[in-house]
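The sequence and model come first.

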Amino acid sequence: MRLPIQSLAHGWLIVLCFLILLPTNMRAGLPEKIKQTEQYQIYMNLNQVIDDKLKVEIIVPVIEEQEIEYHIPKIVPGTYAVYDFGRFISEFSAQDQQGEALEVEQLSENRWKIKEASRLYKISYLVDDSFDSDLDNHVFEPAGTNIEQGKNFIINNHGFFGYLEGHKRQPFKVNISRPSGFYGATSLNLVSSEDDTDVFLVDNYMDFVDSPIMYNRPDTITQMIGGAKVLVSVYSPNDVLSARFVMDNIKEILSAQKEYLGGTLPVDRYSFIIYLFKGKSGSGGYGALEHSYSSVYFLPEVDPEALVKTVRDVSAHEFFHIVTPLNIHSEEIHNFNFIEPKMSKHLWLYEGLVEYFAHHVQVKHGLISFQDYLDNIQQKMEVADRFKDDLPFTELSAKCLDEHKDQYYNVYQKGALIGMCLDIQLRNLSNGKYGIQELMADLSKSYGQHQAFKDEELFAKIEELTFPETGEFLRTYVDGPSSLPIRESLALAGINYDAEKVEKQISMGNISLGI
């Protein structure tokens with residue numbers, strides 16, 4: 001049926017008025033005629049959830065290659081597990097500036113080859129979240145993604161966004177349209193927030209995936225500690241936990257960490273992003289994942305008082321990652337390969353020493369009793385006994401993704417005990433004047449955030465900074481199969497230790513803590 005011209009014009013007038021009145025972030029598609037530059041320009045609208053998925057649109061940088069691959073990470077730093085985030089991508093397409101489709105071949109779960117790439121203008125695809133996924137190999141939630149329309153979005157950027165091969169060091173401009181009243185908790189550089197759209201600028205892909213974002217109606221608090229602006233943001237579906245309660249319970253340990261690190265913090269900002277859940281998690285665990293300027297927590301929504309110790313202990317561990325690997329790391333981390341990663345040999349440094357610091361700072365500054373500290377050391381010795389003691393720690397680290405992945409949890413047990421023994425030895429050799437704290441400060445000065453060390457040269461560097469005996473300790477007990485000299489080390493600290501075999505079974509109701 002043909003409508004009279006007058007009625008048709010009237011109808012178009014109504015539609016036009018509707019579009020004018022519609023909020024910007026509800027209009028479909030990208031702004032017209034976006035010019036290609038040297039940066040990635042990302043657009044994602046949290047108001048437009050499609051079958052529990054979000055659409056990602058990327059105006060790519062100008063490139064000259066005739067064929068190029070787009071990569072979504074197989075693995076990301078800090079996880080030490082292969083998650084294949086490309087599994088959650090669907091309807092992948094590439095277009096030129098006239099909107100014509102370019103040929104795309106999916107090479108693997110995480111790689112797409114784009115033909116005639118010199119014409120490439122835009123990439124788009126849908127992203128499913130991992131929190132409620134029924135796929136095998138469930139992603140540990142602090143490293144995962146969440147899409148709860150109108151409630152909460154966990155945007156671990158490695159789960160939503162990728163990069164063109166050979167172009168991961170180019171900058172990103174990220175445009176995220178959010179529901180009215182929502183706030184994005186992150187340590188990213190926010191350059192504008194107008195019309196319910198946040199715009200972030202990031203120097204490169206490595207910094208981008210190192211900066212998660214959580215969107216929801218805000219429960220946040222900020223406080224200056226040690227020269228750093230500390231943000232706590234909490235999503236508690238039933239309002240069981242508040243950001244203020246968390247800040248009140250972690251600011252004491254953050255202040256202690258400030259003193260432990262010499263009086264100031266080596267970062268200017270830090271964000272604690274906390275998501276609480278009810279029931280059982282998809283991965284069967286809970287815990288946190290560290291980043292250079294933030295950490296993401298996935299914890300059960302239980303009585304706040306019951307959460308205090310977990311929040312304090314886990315936040316103490318995660319926060320110390322501002323030292324390592326942020327300021328002390330190997331080339332394998334500095335030039336991380338998101339598709340075919342090569343792991344560093346020094347997990348004892350990145351995770352073991354950080355776990356040692358997390359408890360040592362508390363006893364040193366009177367936050368826990370000396371007996372509680374000894375109980376923690378004893379527990380780590382008991383758990384470490386369940387793993388292969390004759391496996392060199394450097395070998396465990398280098399092969400933690402495959403051959404020795406069943407030994408990985410020992411990083412937080414024997415790794416912390418390595419830190420304790422090394423600290424005692426250093427203080428013994430220096431008459432109490434030099435320990436692990438001073439060593440980490442010296443290593444930070446030698447390297448720093450933008451300079452990596454070579455894996456095979458680290459022990460020699462530490463020996464140069466300290467004593468010949470320190471180098472021998474590292475080669476014998478970290479790079480070799482020898483059992484740690486725990487009895488001898490504790491004796492130097494005035495503690496008598498006798499090993500005794502104790503049979504103990506611990507049940508946590510199929511719930512485990514992961515860091």
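## Residues with positive phi

D51 counts as exposed because its relative accessibility is 70%; exposed means over 50% relative accessible area, buried under 20%, and partly exposed in between, with a 1.4 Å probe and protein chains only. D51 sits in the loop between β1 (40-50) and β2 (53-59). Its phi is near 50°, a positive value in a residue other than glycine.

E91 also has a positive phi, about 55°, and is not a glycine. E91 belongs to strand β4 (residues 89-95). With a relative accessible area of 63%, E91 is exposed. Strands (E, at least two residues) and helices (H or I, at least four) are DSSP runs, numbered from the N terminus.

## Basis of the model

This is a predicted model: local features need pLDDT of at least 70, side-chain atom pairs count only at pLDDT 80 or more, and totals for chains, interfaces and linings use all residues. Residues are numbered from 1 along each chain as its sequence is written, and side-chain values use heavy atoms, leaving out hydrogens and water.

## A cis peptide bond

The T324 to P325 peptide bond is cis, with omega near 15°. P325 lies in the loop between α4 and α5.

## Packing of α3 and α4

Helix α3 (residues 243-260) packs on helix α4 (residues 304-319) at about 35°, with axes 10 Å apart. Axes are lines fitted to C-alpha atoms over the stretch in contact, and angles run from 0 to 180 degrees between N-to-C directions.

On the α3 side, the contact includes F245, I250 and L254; on the α4 side, it includes V308, V311 and F319. Contact means heavy atoms within 4.5 Å. The contact residues divide into ten nonpolar, three polar and three charged. Nonpolar covers Ala, Val, Leu, Ile, Met, Phe, Trp, Tyr, Cys and Pro; charged covers Asp, Glu, Lys and Arg; the others, Gly among them, are polar.

## The second largest pocket

The second largest pocket has a volume of about 960 Å³. A pocket is an open set of points on a 1 Å grid over the protein atoms alone, where a 1.4 Å probe fits, with protein on both sides within 12 Å along at least five of seven lines. Grid points are joined across faces, edges and corners, and the volume is the space filled by probe spheres set on them.

Its lining has 42 residues, with M206, D207, D210, S292 and Q449 nearest the centre; lining residues have an atom within 4 Å of a point. The elements giving two or more residues to this lining are β14 (197-202), α2 (205-209), α5 (331-334) and α6 (347-364). The lining divides into 18 nonpolar, 16 polar and eight charged residues.
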